[in-house]
Amino acid sequence: LVAGDGTPSGVLVVDVSEPASPEHRAFHATEYGIHNCDLADGRAYLTVDYSGGRLDVLDVSGEPTRIGYWSLAERDPAWDGVPNSSRDVHDAFVQDGTAYLAHWDAGTWLVDVSDPADATAIAHIGREPEAITEQYDEGADGYTSLPGNAHYAAVDDDASLLAVGREARASDELPDGGPGGIDLYGVADP
């Protein structure tokens, strides 16, 4: 699965079962950029750029077809008041029917995607909408200031340990801005 957020936007599906001769299977065009994606069990999980927190799910076992999605704002309308860029799904990692979604300043969400048409939240690690909005109103954001934003999340083989990479970077204006680090969470029982 190869994602693109330029022109054209979409995902390329390639069969690499014979690495010496990869075979083009399909291209699924989207009306949005895709910063990152994951492929698990014949499904593609696409981060939807500038959507305010949406993950699209495609069945790519045949011709790519959208079969579901997750939306942070639809889950809780309080997230609508948070700046769009601070709640986008930046990265997705899927294992055994659970998506581990790095939602920038909105933290990391564990989402049950076993039924993509009815994706539901399992757990949230991070700040609430009001705290993020207050931080932005004060002129700070998690991109440059600590504690940083949820940049990437993944679990180990048995999904008992979650690692969340936090992005924050120092700048001339904010020399103590980073780096963010990596936090580890026990999630055997999220």
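Reader: Which residue in strand 3 does V11 stand opposite?

Author: Strands are runs of at least two E residues in DSSP, numbered from the N terminus, and two of them pair if DSSP finds at least two bridges between them. In this predicted model, V11 stands opposite H28 in strand 3, while strand 2 (residues 10–15) and strand 3 (residues 23–29) run antiparallel and are joined by 6 bridges.

Reader: Is S71 buried or exposed?

Author: Buried means under 20% relative accessible area, exposed over 50%, and partly exposed in between, with a 1.4 Å probe and protein chains only. S71, which is found in strand 7 (residues 65–71), counts as buried because its relative accessibility is 13%. Contact means heavy atoms within 4.5 Å, and S71 touches G53 and R54, not counting residues up to four places away in sequence.

Reader: Which residues have the most contacts inside the largest nonpolar core?

Author: A nonpolar core is a set of buried Ala, Val, Leu, Ile, Met, Phe, Trp, Tyr and Cys residues joined through side-chain atoms within 4.5 Å. The largest one here has 19 residues, and W70, L101 and V111 have the most contacts inside it. A second, separate core of 13 residues includes L110 and A150.

Author: Residues are numbered from 1 along each chain as its sequence is written. Local features need pLDDT of at least 70, side-chain atom pairs count only at pLDDT 80 or more, totals for chains, interfaces and linings use all residues, and side-chain values use heavy atoms, leaving out hydrogens and water.

Definitions and conventions
Helix = DSSP H or I, 4+ residues; strand = E, 2+ residues; numbered from the N terminus.
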